[in-house]
Amino acid sequence: MKTIISIKSISLLIALLSTIILYKDLQSSEQTKHYELSQFISPETCGGCHTQIYEQWQGSMHNLSSDDIIFNEIANAGLVGLKSKEDIEEAEHCQTCHTPVGYITGYPRKTSDDRTKIAPIAKQGIQCDYCHSITGAYSIYNAQFKYSPGNGEDDPGVKRGPFKDSESDYHQSEFSEFHTKSELCGTCHDVKHVTSGVWLETTYQEWKQSPYSKQGVQCQDCHMYQRPEYPSTGSTKRVKNPGTAADGSVEREHIFTHYFVGANMAIPAQSNLAQSKEISKMAEERLKHSVDIKIDSQVEVKQQHKADGKNIKSQNSEENRIIIRITNNGAGHEIPTGVSNIRQVWLKVIVKDSKGNVIYKTGVPDEKGYLPPNTIAYSTIFGDGKGNVVDNLAKAREIISDKRLKPMQERIEKIDIGEFEGKITVEASLLYSGLPQNVADSLKGLNGMNIPVVVMKEVKQVVSR
Ligand code: HEC
Ligand code: HEC
Ligand code: HEC
Ligand code: HEC
Ligand code: HEC
């Protein structure tokens, strides 16, 4: 009896195992499956009927993602001097998200592939037919999507979107819940090192842990509501955008905008497209509705005993701390998010005495736009696994520190400004720059590009003891 059972259970186990292996095989062959470039329809064709949506998307970072010079300069620099197979594999996989139509149709597969050979349609970055051919995802990171594209212009197939009753003479339409949820965005906006497994970008996870996810506010509810004058952040109303999805089609209560505005001003500002200039302005508006700052009207006084080595007597001294409270009340994720190792968000403080003399300052850039070393900054710092800071994320094996502003949480900074008499005036501001100017200046291909700095919020307060 016993042996029969064990034989039975063993064969059952084998059957089970082979099903799992078969399933895994199927899954991975699906994931690496190549599509033909000819299956994808150019954004200009979609724009023939979806005029407004096309114009919005045209200026967006999604259109510019493949040609983005900051991306390309950093990607190319990242390939230099790598020795380990693990590092090289990571450094070579940038096109997966930045040139996704090219990647899934076979070229470019690698960062080092010749850019002049990229097909014109693939150079148009994250585009209409790519997003609207997605049917779901295997995992919510590293662009592990499932796709079902059509067969080019003559047989466009099914376009998936938010409507349950959508009809078009040109293509079939289908409601897709996946398109209405953060997971669609998160599948590219969470990035994991392909060999070391270190999380390099975590916008989706940050959102998932935020109050917004609990309230059901998706990425789309902020980023696909913005249009000029409506920044649509956590601190501003997210007003509906009534209109039509295609020229002459039915009126709808809300048409999701396709500007995909984040915080990037440098790339849109230097693009030749008029639409991009608009994106740059909207990014500034978005940043200006992201944070709140308050300064306490009294300093915190701390008595300190300093034992001096030579004199046996200990000395009494005083610490006068100004208290600054910063709240990320606008973003559905941390500030900064995404490539938070290169984004620069910092606190600038200037303290003046009653005569107007500056008695303390921090975070004031020099004439070149470089920040002093003691600046209070919010970013992620990666390491090599032995505690040494790495700039090239291909070498990342650990996160050394992650000091960013979490959504809807107050951050308290206490700054000792030394002794003072009477009343003082404290000016505090939070600033944003997409790339430290010193890093920009070290990338030759950027030709001395000036990286814009935005004052996200600025406050002034008279403070006494
Ligand atoms: C899984 C998807 C994914 C992969 C793979 C990926 N990225 Fe990105 N990348 C993103 C997303 C999403 C953003 C936007 C985040 C933001 O704006 O902060 C981004 C933004 C950037 C930016 C900012 C560009 C700018 O104009 O400021 C740089 C630089 C960059 N990526 C470099 C790289 C490099 C180098 C690689 C390969 C080693 C890479 N990326 C691989 C998703 C990806
Ligand atoms: C000949 C005109 C025409 C062209 C070309 C066209 N569409 Fe459409 N599309 C429409 C019309 C009309 C609708 C219906 C709008 C509505 O229901 O409000 C529509 C609806 C959609 C929807 C909504 C589907 C849903 O169920 O929510 C998506 C997504 C879409 N189109 C994407 C695309 C993409 C991507 C392309 C290019 C590959 C494209 N369209 C090309 C006319 C067109
Ligand atoms: C990054 C992915 C992405 C790209 C690129 C993209 N879309 Fe969309 N689109 C969406 C999502 C997501 C929605 C629905 C949002 C929701 O329901 O929350 C949408 C909605 C739509 C709709 C329904 C009407 C509306 O706007 O609400 C149409 C039509 C459409 N897109 C066409 C296009 C066209 C045309 C392009 C290219 C010019 C394009 N999309 C590019 C993700 C994308
Ligand atoms: C195919 C991968 C992919 C998908 C899907 C995707 N994104 Fe992106 N997104 C990117 C990449 C890559 C960039 C950065 C481009 C660059 O900076 O060169 C980007 C940039 C952005 C930016 C601009 C960031 C900045 O710094 O200004 C926003 C905002 C954004 N995406 C929001 C979304 C939202 C919302 C969705 C879902 C509706 C979405 N994305 C879906 C890959 C993707
Ligand atoms: C409550 C509104 C809100 C939600 C929800 C939200 N965002 Fe944002 N997002 C913002 C604001 C405000 C900014 C500008 C401040 C900043 O840079 O973080 C921003 C900036 C960004 C940037 C540029 C960041 C940078 O500094 O380079 C990206 C990329 C982005 N969001 C993607 C997403 C994705 C993906 C989701 C969903 C997982 C999402 N956002 C959800 C409000 C929101």
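This is a predicted model: local features need pLDDT of at least 70, side-chain atom pairs count only at pLDDT 80 or more; totals for chains, interfaces and linings use all residues.

Reader: What makes you speak of domain 1 and domain 2 in the chain?

Author: The domain assignment gives domain 1 as 31-287 and domain 2 as 291-304 + 316-463. Taken over C-alpha atoms, the centres of the two domains are 31 Å apart.

Reader: How do you know how many residues of domain 1 are in contact with domain 2?

Author: A contact needs two C-beta atoms, placed from the backbone, within 7 Å. By that test, 35 residues of domain 1 are in contact with 30 residues of domain 2. Several elements supply at least two residues each to the side of domain 1 that touches domain 2, among them α6 (85-91), β6 (199-202) and α15 (274-287). The largest share comes from α5, with five residues. By class, that side of domain 1 has 18 nonpolar, 11 polar and six charged residues.

Reader: Which residues come closest to ligand 1, and what puts a residue in the shell around it?

Author: A residue belongs there if its C-beta atom lies within 6 Å of the ligand. For ligand 1 there are 26 such residues, and the closest are Ile-70, Ala-75, Cys-94, Cys-97 and Gly-338. Two or more residues come from each of α5, α6, α7 and α10, and α5 gives the most, with five. Each of domain 1 and domain 2 contributes at least three residues to the shell around ligand 1.

Reader: Which residues are closest to ligand 2?

Author: Ligand 2 is surrounded by 27 residues, with Cys-46, Cys-49, Gly-161, Ser-166 and Ser-168 the closest. Here β4 (172-175) is one of the elements that supply at least two residues, and β4 gives the most, with three. The shell around ligand 2 divides into 12 nonpolar, 10 polar and five charged residues.

Reader: What about ligand 4: which residues come nearest?

Author: Asp-68, Cys-185, Cys-188, Gly-262 and Asn-264 come nearest, out of 26 residues around ligand 4. The largest share of that shell, five residues, is from α10. Its classes are 15 nonpolar, 10 polar and one charged.

Reader: Why is Ser-232 called buried?

Author: The cut-off for buried is 20 or more other C-beta atoms within 10 Å. Ser-232 has 23 other C-beta atoms within 10 Å, so Ser-232 is buried. This residue sits in the loop between α13 and β7 (243-244), and Ser-232 has a positive phi of about 55° although it is not a glycine.

Reader: Is Phe-260 buried or exposed, and how do you know?

Author: Phe-260 has 21 C-beta neighbours inside 10 Å and therefore counts as buried. Its place is in the loop between β8 (251-252) and α14. Phi of Phe-260 is also positive, near 45°, in a residue other than glycine.

Reader: Where are cis peptide bonds found here?

Author: One joins Tyr-107 and Pro-108, with omega about 0°; Pro-108 lies in the loop between α8 (100-104) and α9. Another joins Ile-335 and Pro-336, where omega is about -10°. Pro-336 is in the loop between β11 (314-328) and β12 (344-352).

Terms used:
Residues are numbered from 1 along each chain as its sequence is written. Chains are lettered from A and ligands numbered from 1 in the order in which they are written. Domain bounds come from an automatic or database domain assignment. Helices (H or I, at least four residues) and strands (E, at least two) are DSSP runs, numbered from the N terminus. Ala, Val, Leu, Ile, Met, Phe, Trp, Tyr, Cys and Pro count as nonpolar, Asp, Glu, Lys and Arg as charged, and the others, Gly among them, as polar. A residue is buried if 20 or more other C-beta atoms lie within 10 Å of its own, exposed if 12 or fewer, and partly exposed in between; C-beta atoms are placed from the backbone.
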